[in-house]
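Morning, everyone. Please bring up the model on your screens, and we'll walk through it together.

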Amino acid sequence: SIVLPFGFEPNSVEREVEIKDVRACAEMNLTIRLVARAWGSVVDASGRPVAGVGIDAVAAELAGYSPDQYQRPVKTDERGGFEFRDLPPGAYVFGIDLTKAPYQRPRGASIFLPGTRVASEAAVVELKAGDRKELGVLQLPASK
């Protein structure tokens with residue numbers, strides 16, 4: 001077994017190695033990475049949970065520029081909840097339609113956590129290795 005320092009997670013599934021002789025040894029390559037987790041929820045303008053919405057995590061300095069996707073958006077569950085389980089440490093903004101998906105048409109106007117369309121008003125969340133942070137609620141603006 002391997003014991004990882006706080007904030008690191010293995011990048012692969014558990015594996016077993018068979019050593020047939022007590023005088024022998026074996027070599028196994030593992031990949032580990034620094035990660036943080038963040039979670040929150042999405043509600044509509046009336047405060048009801050919204051399921052099936054894709055949430056993006058974007059480096060804070062790229063907010064408002066619709067960068068290419070660094071990772072796939074996570075979807076909200078039936079209670080409107082979402083969770084990013086493997087973000088590298090850094091400063092992030094979270095929201096809907098913040099990135100450009102490859103080979104797809106633009107989706108619509110961006111909505112940043114906590115519920116603004118203005119990138120400079122987005123909540124910036126600093127994640128360090130091993131952090132587990134609740135992001136709060138992203139409230140969708142009322143439809144026009």
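Which residue in S7 is the bridge partner of alanine 59? It is tyrosine 92. Keep in mind that this is a predicted model. Tyrosine 92 will come back several times.

Let's start with the strands. Strand S7 covers residues 90-96. Strand S4, residues 54-59, runs antiparallel to S7, and four bridges join them.

S7 has other partners. Strand S9, residues 125-127, is joined to S7 by three bridges, again antiparallel. There, tyrosine 92 stands opposite valine 125. Then comes strand S8, residues 111-112. Two bridges join S8 to S7, and these strands run antiparallel as well. Find isoleucine 96 and look across: isoleucine 111 in S8 stands opposite.

Is S7 largely enclosed or open? Six of its seven residues are buried, so the strand is largely enclosed by the rest of the structure. Check two of the side chains. Tyrosine 92 is buried, because its relative accessible area is 8% and the cut-off is under 20%. Phenylalanine 94 is buried too, at 1%.

Now the rings. How many aromatic pairs does the model have? The count is three. Take phenylalanine 82 and phenylalanine 84: their ring centres are 6.2 Å apart, with 80 degrees between the planes. That pair is edge-to-face. Both phenylalanine 82 and phenylalanine 84 are buried.

Next, tyrosine 92 and phenylalanine 94. Why is this pair called tilted? The centres lie 6.0 Å apart and the planes meet at 35 degrees. Stacked needs under 30 degrees and edge-to-face needs over 60, so 35 degrees makes the pair tilted. Step back, and Phe82, Phe84, Tyr92 and Phe94 form one aromatic cluster.

Let's move to the surface. Ile2, Val17, Ile19, Met28, Leu30 and Ile32 form a nonpolar patch there. Together they have about 490 Å² of accessible area. Pick out isoleucine 32, which is found in strand S2, residues 32-34. Isoleucine 32 is partly exposed, because 36% relative accessible area falls between the 20% and 50% cut-offs.

Last topic: charges. Side chains of opposite charge can pair when their charged atoms come close. How many salt bridges does a search of the whole structure find? Seven.

One of them joins arginine 48 and aspartate 44, at 3.3 Å from N to O. Is aspartate 44 buried or exposed? Aspartate 44 is buried, with a relative accessible area of 17%.

Arginine 79 has two partners to look at. With glutamate 78, the salt bridge is 3.5 Å, N to O. With aspartate 77, the closest N and O atoms are 3.8 Å apart. Arginine 79 counts as exposed, since its relative accessibility is 60% and the cut-off is over 50%. Glutamate 78 is exposed as well. Aspartate 77, at 26%, counts as partly exposed.

Finally, find Arg37, Glu83 and Arg85. These residues are linked in a network of salt bridges.

To recap: S7 is largely enclosed, Tyr92 belongs to an aromatic cluster with Phe82, Phe84 and Phe94, and a nonpolar patch lies on the surface. That's my tour. Over to you.

Note on methods. Residues are numbered from 1 along each chain as its sequence is written. This is a predicted model: local features need pLDDT of at least 70, side-chain atom pairs count only at pLDDT 80 or more; totals for chains, interfaces and linings use all residues. Side-chain values use heavy atoms; hydrogens and water are left out. Rings of Phe, Tyr and Trp (its six-membered ring) pair if their centres lie within 6.5 Å; planes under 30 degrees apart count as stacked, over 60 as edge-to-face and the rest as tilted. Buried means under 20% relative accessible area, exposed over 50%, partly exposed in between (1.4 Å probe, protein chains only). Two strands pair if DSSP finds at least two bridges between them. Patches are made of residues with over 30% relative accessible area and no salt bridge: like charges are joined within 9 Å, nonpolar side chains (Val, Leu, Ile, Met, Phe, Trp, Tyr) within 5 Å. Accessible areas come from the Shrake-Rupley method with a 1.4 Å probe; for residues, only the protein chains shown count as cover. A salt bridge is a side-chain nitrogen of Lys or Arg within 4 Å of a carboxyl oxygen of Asp or Glu.
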